[in-house]
Amino acid sequence: MNHSNPPSPKRFASAGPLTGQIAVPGDKSISHRSLMLGALAVGETRVTGLLEGEDVLATAAAMRAMGATIARENDGTWSIHGVGVGSLLQPNQALAMGNSGTSTRLLMGLVASHPISAMFTGDASLSGRPMGRVITPLSEMGASFEASQGGTLPLMLRGISPAVPITYRLPVASAQVKSAVLLAGLNTAGISTVIEPVPTRDHSERMLRGFGAKLEVGEEKGANGLERVIRIHGEADLQPQTITVPGDPSSAAFFTVAALLVPGSDLIIQNVGLNPTRAALFDVLRDMGGSIEELDRREVGGEPVADLRVQHSALTGIEVDPAVVPAMVDEFPILFVAASLAQGTTVTRGLEELRVKESDRLAAMASALILAGAKVEEYGDGLVIQGTGGDPLPGTADGTAIATHLDHRIAMSMAVAGLASENGVKIDDTAPIATSFPTFEALLDSASAQ
Ligand SMILES: O=C(O)C1=C[C@@H](OP(=O)(O)O)[C@@H](O)[C@H](O)C1
Ligand SMILES: C=C(OP(=O)(O)O)C(=O)O
């Protein structure tokens, strides 16, 4: 979590085809929610496949600080004894959120409707990210905030109980904002309603129901067509659960693109979550000509899952439909890498949200790919990329390192670009990778060595 250590630069270069079978770690979004909801259910929740990345560990530490007992057993199962909705304790020190936007915004929702206050702090990246988007609805519910200018961390949040149920139409397509309001609604008497003009990942809805909350999801006619309307009934009683976390499609994305780009690759990625609100990257890559086969489609923990067989493929540029953006919002950095080696032009639009992630991902990827020799134009809401037609990128010159800006997805995307380059790509720091995918480098070595 502490990235004040000296950075660990590394050059990633072609190491032969990716073959054999790998399993990526558990889904980050589901892991955060398993800990939060487990910490609110009275009794023992057991979780297997939890992602043990720094972001999720920050959530675990925060839930412990608010009263839950959370332990990892020797076989990797996590056991959570919760305190009950309404019974979170006052943390006696600041909640250190590290690099994690999801931890911060969802926990702000939980604290907002409890009679406790909490200070939220984060690293340099998180401290630049907008929190106004959750401060606005949670203030309407009665919570109060002292934030840094511009609505950023560090911030002090004073929760309130009873809070006021609200109806909130999301002004940005954000599962974190939706989830913050729903989680605040758990301990709010009455019905709290979120209206989603554009659907976003639905793990909160699925898991809140799974834990026994009364939650209704409907579709209603809005000004611009059908909108999702989600209603949660407070005050809820959550029942402890046994959860198996599926593999993270956002992590599988890096290996999928690596196998598509590196000649001779034929890789199986096991147990990949394919929730339709998350899986659009695989469809886009197939539309570009990528060979991605789903094997043994099944359900794990209430989510659709399959093993993916990915074979090296010639890719063609594409115009990505802005409607799919929320279902692959974290996958654009790696899609840009795929586009850089495709035949022809790839056009992406509607990506304003990428500018407020761990870094400004449009600017960071445009300059990173240009340094590695790709042809990229940056626009306000997207990138336009002219691919090489399958030829490797030149790579970064000696002495030049890609700036990853404390952003795990920039680091992993450019590592994959390195595998598909003549001279390799050097990144300035591999440490941020541990926020979401601590086994990334080890899996890359194992897939390349088989
Ligand atoms: O709810 C979640 O678990 C997440 C929602 C998305 O963020 P936004 O809600 O900001 O789009 C995504 O980028 C993030 O990695 C995880
Ligand atoms: C945006 C991301 O995460 P968060 O918002 O939780 O920091 C991500 O993992 O790409």
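Tutor: A residue is called buried if 20 or more other C-beta atoms lie within 10 Å of its own, exposed if 12 or fewer, and partly exposed in between, with C-beta atoms placed from the backbone. This is a predicted model, where local features need pLDDT of at least 70, side-chain atom pairs count only at pLDDT 80 or more, and totals for chains, interfaces and linings use all residues. Residues are numbered from 1 along each chain as its sequence is written.

Student: What makes α3 largely enclosed by the rest of the structure?

Tutor: Of its 12 residues, 12 are buried, so α3 is largely enclosed. Among them are Arg105, Leu106 and Gly109. Helices are DSSP runs of H or I with at least four residues, and strands are runs of E with at least two, numbered from the N terminus.

Student: How do you know that the span of helix α3 agrees with its number of residues?

Tutor: The expected span is 1.5 Å times one less than the number of residues. For the 12 residues 101-112 that should be 16 Å, and the end C-alpha atoms are 16 Å apart, so the two agree.

Student: Why is Glu422 called exposed?

Tutor: Glu422 has 12 other C-beta atoms within 10 Å, and the limit is 12 or fewer, so Glu422 counts as exposed. Glu422 sits in the loop between α11 (408-419) and β21 (425-427).

Student: Which residues is Glu422 in contact with, leaving aside neighbours within four places in sequence?

Tutor: They are Pro392, Pro394 and Gly395; contact requires C-beta atoms, placed from the backbone, within 7 Å.

Definitions and conventions. Chains are lettered from A and ligands numbered from 1 in the order in which they are written. Two residues are in contact if their C-beta atoms, placed from the backbone, lie within 7 Å.
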